[in-house]
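User: Could you walk me through the labels used for this fold? I would like to see each one set against its definition.

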Amino acid sequence: MTNLAVVGGGVIGLSAAWRAAKAGHDVTVHDPEPARGGASWLAGGMLAPVTEAWPGEEDVLSLGEASLKRWPGFASDLGQEGVDPGLAGHGTLVVAFDSADAGHLDILAGYLHSIGRAAERLTGRETKRLEPGVGSVRSGLHVPGDLAVDNRKLLNALYAACVNHDVRFVRERVEGLPDAEAVVLAAGAWTGRLHPRLAGAVRPLKGEILRLKPRRGCLPPPAHTVRAVVEGRPIYLVPRGDQELVLGATQYEAGFDRAVTARGVRELLEGAERVFPAITEYELVETAAGLRAASRDVLPYIGVLDDGVFAATGHHRNGLLMAPVTAAAVVAWLEGEEPPQGVEAASPARLQKKEHV
């Protein structure tokens, strides 16, 4: 049994703590607001590595796909701890407004078919038949196998599971490495302050997110996650089981500023109105800004930094998606086993290589 300190109580830190404690290790989580204070509480909850992927991010896509395969079992295990993590299989609908967007959907559909994933190209009329509330679109791509998770249900489930396995919580922000046999650094955007190897390698990436609910007489939220690019900006609308709709997300450099800006809210609402016009009559119930942990190359840092110190940070927009594979990598490290397939590319050792170039 190893005495493990996990710095960070977001989805990555809590997943690692739960899996490590379940494997028999003595675990303490250090975070001023576990399950509440970080970017995980504000996430959209999409578990869709392919429709999230960008050109040049092949290693990110591979790691995301590997983690996605773990999600059903991860969610099932978590549900057996007593709290539903809110996993949903409502699928994704990606919509195109012009010929350039439509061309991108052709490429995406081809890739999905090449890896054995179901995906159906739709005309504009077929897209509206599937989701009557979408605006005037040229075409669409339906990906029925895409998953989503209610991030707040997930965090509550992870916290409860940690309590079930006697994880201790120290509700303070640490400025250095805790005194423990092994330490996992999973403090999100703040992780760069905790180890010299990560200084400058992890930075905050601000993103605003809105939550809305239909008022009486409004069209209900879409049944699928709906994604689009509006004037060069990605927009997503993720339905929740309680008729809530999560709208995101802006993404820009702003340091550790967590203020919600009028410009960010306007951009989200204007983009969403084009995708789903009925949203203009919805009640705006929450506006918030979170700080994603961005790495230098979009790929997270998962692996050994020093003797007894393990990095689990820099997940960008993929923290919820990659939580299962990251937690499995932490347990493999504690047990002296090989990490899961795909994790090697995310090793922090690449930072050292770049320093010597």
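User: Why is the crossing of α1 and α3 called left-handed?

Analyst: The label follows from the rule that a crossing is left-handed if the near helix is turned anticlockwise from the far one by less than a right angle, and right-handed if clockwise. The crossing of α1 and α3 falls in the left-handed class. Bear in mind that this is a predicted model, where local features need pLDDT of at least 70 and side-chain atom pairs count only at pLDDT 80 or more, while totals for chains, interfaces and linings use all residues. Residues are numbered from 1 along each chain as its sequence is written, and side-chain values use heavy atoms, with hydrogens and water left out.

User: What makes α1 roughly perpendicular to α3?

Analyst: Helix α1 (residues 11–22) and helix α3 (residues 58–79) pack at about 70 degrees, their axes 13 Å apart. Angles of 65 to 115 degrees count as roughly perpendicular, under 35 as roughly parallel, over 145 as roughly antiparallel and the rest as oblique, so α1 is roughly perpendicular to α3. The axes are lines fitted to C-alpha atoms, for helices over the stretch in contact, with angles from 0 to 180 degrees between N-to-C directions. The helices (H or I, at least four residues) and strands (E, at least two) are DSSP runs, numbered from the N terminus.

User: Which residues make that contact?

Analyst: Ser-15, Trp-18, Arg-19 and Lys-22 come from α1, and Phe-74, Asp-77 and Leu-78 from α3; contact means heavy atoms within 4.5 Å. By class there are three nonpolar, one polar and three charged residues. Here Ala, Val, Leu, Ile, Met, Phe, Trp, Tyr, Cys and Pro count as nonpolar, Asp, Glu, Lys and Arg as charged, and the others, Gly among them, as polar.

User: What makes α3 oblique to α6?

Analyst: Their axes come within 10 Å and cross at roughly 60 degrees, which means that α3 is oblique to α6. Trp-71, Phe-74 and Leu-78 of α3 meet Leu-154, Ala-157, Leu-158 and Ala-161 of α6. This contact has seven nonpolar, no polar and no charged residues.

User: How do α1 and α6 pack?

Analyst: α1 and helix α6 (residues 151–164) pack at about 30 degrees, with axes 9 Å apart, and their crossing is left-handed. The α1 side of the contact includes Val-11, Leu-14 and Trp-18, and the α6 side includes Leu-155, Tyr-159 and Cys-162. The classes here are 10 nonpolar, one polar and no charged.

User: How much area do domain 1 and domain 2 bury between them?

Analyst: About 2,600 Å², 59% of it on carbon and sulfur atoms. Buried area is the accessible area (1.4 Å probe) that two parts lose on being put together, summed over both. In domain 1, Leu-42, Met-46 and Thr-51 lose the most area to domain 2, together 23% of what that side buries.
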